Amino acid sequence: MRDLSNDIGLLAINTATVKQWPLEKLIEACYERGIRAITPWRHDIERAGLAAARSWFNDAGITVTGYCRGGFFTYANEAGRVASDEDNIRALEEATELGAKGMALVVGGLPEGSKDLGGAHEQVAEGIARLLERAKSLKTPILIEPLHPMVAANRACVNTLKHALDLCDRIDPDVSGYLGVAADVYHLWWDPELKAQIKRGGKDRLLAFHVCDWLVPTRDMLNDRGMMGDGIIDIRRIRGWVEDTGYDGLCEVEIFSDANWWTKDGGDVLDACIARHQTVV
Ligand code: ZN
């Protein structure tokens, strides 16, 4: 297992973690601290302009780890399907222009008014299959991110690593390298099959590792994530399982926290991320 106690090079920051700052300021502050990897959201890039954002990243020597995000493949009608496909292709083209290592997929929940979970699963599988063709031609991988089941209805109906890996195997049996998963401890920690599924996914499918913590109590389903070490997830144990596969990628900090971390100075948040990366992750 890698020793992170002195290693800031393996830390990546998801821009949502420091939502109180615009992208340019975050890039500058990361650069000053020796952080060399950032995952931006689409709205950050839209606000900054793609060309400007790309040059900020390049000038600072910062890797664009991932791109948040594509997905929302489920639809109530044909117009919805077309809109989803078009939006996903646009997002993937943006990710490619930024030189992102991959684009995360939040796959979507039940279509409005629907109770057909099986149908939603099928729409997701077909949507990913269509997008994978574009991912291959653009040479930018797409990563299914299974989310905690509490958001199955409204955000993502793929909720376990097993389901995500089953989709990978079905859609991309030859393991092209352009379809994998993002394993986020916040969404997956509770799963008794987690260790076995991490092993099954292996280096070829595990393309990203996200960290934060699960607070008890959790006061908000979306925006009450904890800083690593403040909750009950055994992050280091899970990282060990991930690295046992040969995973040599980054640990990306992704914290949504409207009552706590988003109220603090962005520099203090980054310093806490670094300290916990080195002592808790
Ligand atoms: Zn994540």
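Figure 1. With a relative accessibility of 64%, Val 216 counts as exposed, where buried means under 20% relative accessible area, exposed over 50%, and partly exposed in between (1.4 Å probe, protein chains only). The model is predicted: local features need pLDDT of at least 70, side-chain atom pairs count only at pLDDT 80 or more, and totals for chains, interfaces and linings use all residues. Residues are numbered from 1 along each chain as its sequence is written, and side-chain values use heavy atoms, with hydrogens and water left out. Val 216 is placed in the loop between strand 8 (206–211) and helix 9 (235–244); helices (H or I, at least four residues) and strands (E, at least two) are DSSP runs numbered from the N terminus. Together with Trp 189, Trp 190 and Ile 232, Val 216 forms a nonpolar patch on the surface, with about 380 Å² of accessible area in total. Patches are made of residues with over 30% relative accessible area and no salt bridge, with like charges joined within 9 Å and nonpolar side chains (Val, Leu, Ile, Met, Phe, Trp, Tyr) within 5 Å; accessible areas come from the Shrake-Rupley method with a 1.4 Å probe, and for residues only the protein chains shown count as cover.

**Figure 2. The zinc site.** Glu 145 (OE), Asp 184 (OD), His 210 (ND1) and Glu 254 (OE) are the protein donors of the zinc ion, lying 2.0 to 2.2 Å from it. Donors are N, O and S atoms within 2.8 Å of the metal (3.2 Å for Na, K and Ca); water is not among the atoms, so sites may look incomplete. Along the chain, the donors follow the spacing E-x38-D-x25-H-x43-E. Asp 184 in strand 7 (residues 179–184) and His 210 in strand 8 are 26 residues apart, a pair that links distant parts of the chain. Asp 184 is buried at 1% relative accessibility, and His 210 is buried at 4%. The arrangement is irregular because the 4 donor atoms subtend angles of 87 to 150°; four donors count as tetrahedral if all angles lie between 85 and 135 degrees, four count as square planar and six as octahedral if opposite donors are over 155 degrees apart and all others between 65 and 115, and anything else is irregular.

**Figure 3. Salt bridges at Asp 87.** A salt bridge is a side-chain nitrogen of Lys or Arg within 4 Å of a carboxyl oxygen of Asp or Glu, and by this rule the count is 22. Asp 87 meets Arg 42 at 3.1 Å, N to O. Arg 42 lies in helix 2 (residues 42–48) and Asp 87 in helix 4 (residues 78–98), so this pair ties together parts that are 45 residues apart in sequence. Asp 87 also forms a salt bridge with Arg 90 (3.2 Å, N to O); both residues lie in helix 4, 3 residues apart, about one turn of the helix. Arg 42 is buried at 17% relative accessibility, whereas Asp 87 is partly exposed at 32%.

**Figure 4. The Arg 276 and Asp 230 pair.** The closest N and O atoms of this salt bridge are 2.9 Å apart. Arg 276 is in helix 10 (residues 266–279) and Asp 230 in the loop between strand 8 and helix 9, 46 residues apart.
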